[in-house]
Amino acid sequence: MQVDDSFEQPQDRGPGDDAAILSLCLAMLAAGIYCLLTGFGSRNGPDFTTSWQRLPIPTLTGPLVGGLFTLGLLAALVCAFAL
(Lines give C-alpha, C1' and ligand atoms only; values in the text may rest on other atoms or scores of the structure.)
Protein backbone atom coordinates (compact mmCIF):
# COMPACT_ATOMS: atom_id res chain seq x y z
CA MET A 1 0.00 0.00 0.00
CA GLN A 2 1.43 3.38 -0.97
CA VAL A 3 1.18 6.24 1.53
CA ASP A 4 2.86 9.64 1.04
CA ASP A 5 5.26 8.40 -1.67
CA SER A 6 6.38 5.51 0.52
CA PHE A 7 5.06 2.03 0.95
CA GLU A 8 3.39 0.81 4.12
CA GLN A 9 3.00 -2.84 4.87
CA PRO A 10 -0.37 -3.97 6.28
CA GLN A 11 1.32 -5.14 9.47
CA ASP A 12 2.70 -1.59 9.99
CA ARG A 13 -0.80 -0.19 10.50
CA GLY A 14 -2.24 0.19 13.96
CA PRO A 15 -4.79 -2.40 15.13
CA GLY A 16 -7.39 0.34 15.47
CA ASP A 17 -7.41 0.96 11.72
CA ASP A 18 -8.34 -2.62 10.89
CA ALA A 19 -10.94 -2.78 13.65
CA ALA A 20 -12.46 0.51 12.44
CA ILE A 21 -12.76 -0.86 8.91
CA LEU A 22 -14.46 -4.04 10.16
CA SER A 23 -16.83 -2.04 12.37
CA LEU A 24 -17.77 0.21 9.47
CA CYS A 25 -18.46 -2.90 7.41
CA LEU A 26 -20.86 -4.06 10.15
CA ALA A 27 -22.75 -0.76 9.91
CA MET A 28 -22.94 -1.01 6.11
CA LEU A 29 -24.14 -4.61 6.39
CA ALA A 30 -26.98 -3.46 8.67
CA ALA A 31 -27.89 -0.69 6.19
CA GLY A 32 -27.93 -3.23 3.35
CA ILE A 33 -30.15 -5.61 5.31
CA TYR A 34 -32.55 -2.74 5.98
CA CYS A 35 -32.70 -1.86 2.29
CA LEU A 36 -33.31 -5.48 1.31
CA LEU A 37 -36.04 -5.98 3.90
CA THR A 38 -37.97 -2.80 3.13
CA GLY A 39 -37.19 -1.86 -0.46
CA PHE A 40 -35.78 1.48 0.68
CA GLY A 41 -33.48 3.01 -1.91
CA SER A 42 -35.07 1.30 -4.90
CA ARG A 43 -36.31 3.28 -7.85
CA ASN A 44 -39.67 4.86 -6.95
CA GLY A 45 -39.41 3.05 -3.61
CA PRO A 46 -40.81 4.21 -0.29
CA ASP A 47 -39.21 6.96 1.77
CA PHE A 48 -37.36 6.21 5.01
CA THR A 49 -40.32 6.61 7.38
CA THR A 50 -42.68 4.53 5.27
CA SER A 51 -40.13 1.80 4.76
CA TRP A 52 -39.31 1.70 8.50
CA GLN A 53 -43.00 1.01 9.17
CA ARG A 54 -42.94 -1.80 6.58
CA LEU A 55 -40.28 -3.83 8.40
CA PRO A 56 -41.31 -7.44 8.98
CA ILE A 57 -41.81 -8.07 12.69
CA PRO A 58 -41.00 -4.42 13.49
CA THR A 59 -40.61 -4.96 17.23
CA LEU A 60 -37.72 -7.35 16.54
CA THR A 61 -36.10 -6.26 13.30
CA GLY A 62 -36.26 -2.51 13.97
CA PRO A 63 -34.13 -2.54 17.12
CA LEU A 64 -31.90 -5.29 15.69
CA VAL A 65 -31.05 -3.47 12.46
CA GLY A 66 -30.86 -0.08 14.16
CA GLY A 67 -28.71 -1.48 16.95
CA LEU A 68 -26.30 -3.17 14.54
CA PHE A 69 -25.93 0.05 12.57
CA THR A 70 -25.38 2.16 15.69
CA LEU A 71 -22.96 -0.36 17.18
CA GLY A 72 -20.96 -0.48 13.97
CA LEU A 73 -20.68 3.30 13.70
CA LEU A 74 -19.78 3.80 17.36
CA ALA A 75 -17.20 1.02 17.29
CA ALA A 76 -15.66 2.47 14.12
CA LEU A 77 -15.36 5.89 15.73
CA VAL A 78 -13.84 4.48 18.92
CA CYS A 79 -11.38 2.32 16.99
CA ALA A 80 -10.39 5.13 14.65
CA PHE A 81 -9.76 7.74 17.32
CA ALA A 82 -8.91 5.81 20.50
CA LEU A 83 -6.76 2.92 19.28
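## Contacts around S51

Contact here means that heavy atoms lie within 4.5 Å of each other. By that rule, and leaving aside residues up to four places away in sequence, S51 touches Y34, T38, F40 and P46 in this predicted model. S51 is found in helix α2, and the residue is buried, because its relative accessible area is 0%, where under 20% is the cut-off for that word.

One of these neighbours, Y34, is also a polar partner: the side chain of S51 makes a polar contact with the side chain of Y34, at 2.5 Å. Y34 is itself buried, with a relative accessible area of 6%.

## Aromatic pairs and a cluster

When the whole structure is searched, 5 aromatic pairs are found. One of them joins Y34 and F48, whose ring centres are 5.5 Å apart and whose planes stand at 45° to each other, an arrangement that counts as tilted. Since Y34 belongs to helix α1 (residues 15-38) and F48 to helix α2 (residues 48-53), this pair ties together parts that are 14 residues apart in sequence.

F48 also pairs with F40, with 5.7 Å between the ring centres and 80° between the planes, and the pair is therefore edge-to-face, given that planes over 60 degrees apart are classed in this way. Both of these phenylalanines count as partly exposed, F48 at 47% relative accessibility and F40 at 29%. Together with W52, the residues Y34, F40 and F48 form one aromatic cluster.

## Helix α3

Helix α3 runs over residues 58-82, and its 25 residues should span 36 Å at 1.5 Å a residue; the C-alpha atoms at its ends are 34 Å apart, which agrees with that expectation.

Which residues of α3 are buried? They are T61, G62, V65, G72, A76 and C79.

## The largest pocket

The largest pocket holds about 160 Å³ of space. Its lining is made up of A30, A31, Y34, C35, F48, W52, V65, G66, F69 and T70, and the elements that give two or more residues to this lining are α1, α2 and α3.

Several residues described above return here. Y34, F48 and W52, which belong to the aromatic cluster, are among the residues that line the largest pocket. V65, one of the buried residues of α3, is likewise part of the lining.

Technical notes. Residues are numbered from 1 along each chain as its sequence is written. This is a predicted model: local features need pLDDT of at least 70, side-chain atom pairs count only at pLDDT 80 or more; totals for chains, interfaces and linings use all residues. Side-chain values use heavy atoms; hydrogens and water are left out. Rings of Phe, Tyr and Trp (its six-membered ring) pair if their centres lie within 6.5 Å; planes under 30 degrees apart count as stacked, over 60 as edge-to-face and the rest as tilted. Helices (H or I, at least four residues) and strands (E, at least two) are DSSP runs, numbered from the N terminus. Buried means under 20% relative accessible area, exposed over 50%, partly exposed in between (1.4 Å probe, protein chains only). The expected span of a helix is 1.5 Å times one less than its number of residues. A polar contact is a pair of N or O atoms within 3.5 Å; within protein, one must be able to donate a hydrogen and the other to accept it, and residues adjacent in sequence count only if both atoms are side-chain atoms. On a 1 Å grid over the protein atoms alone, a cavity is a set of points where a 1.4 Å probe fits but cannot get out, and a pocket is an open set with protein on both sides within 12 Å along at least five of seven lines; lining residues have an atom within 4 Å of a point. Grid points are joined across faces, edges and corners, and a volume is the space filled by probe spheres set on the points.
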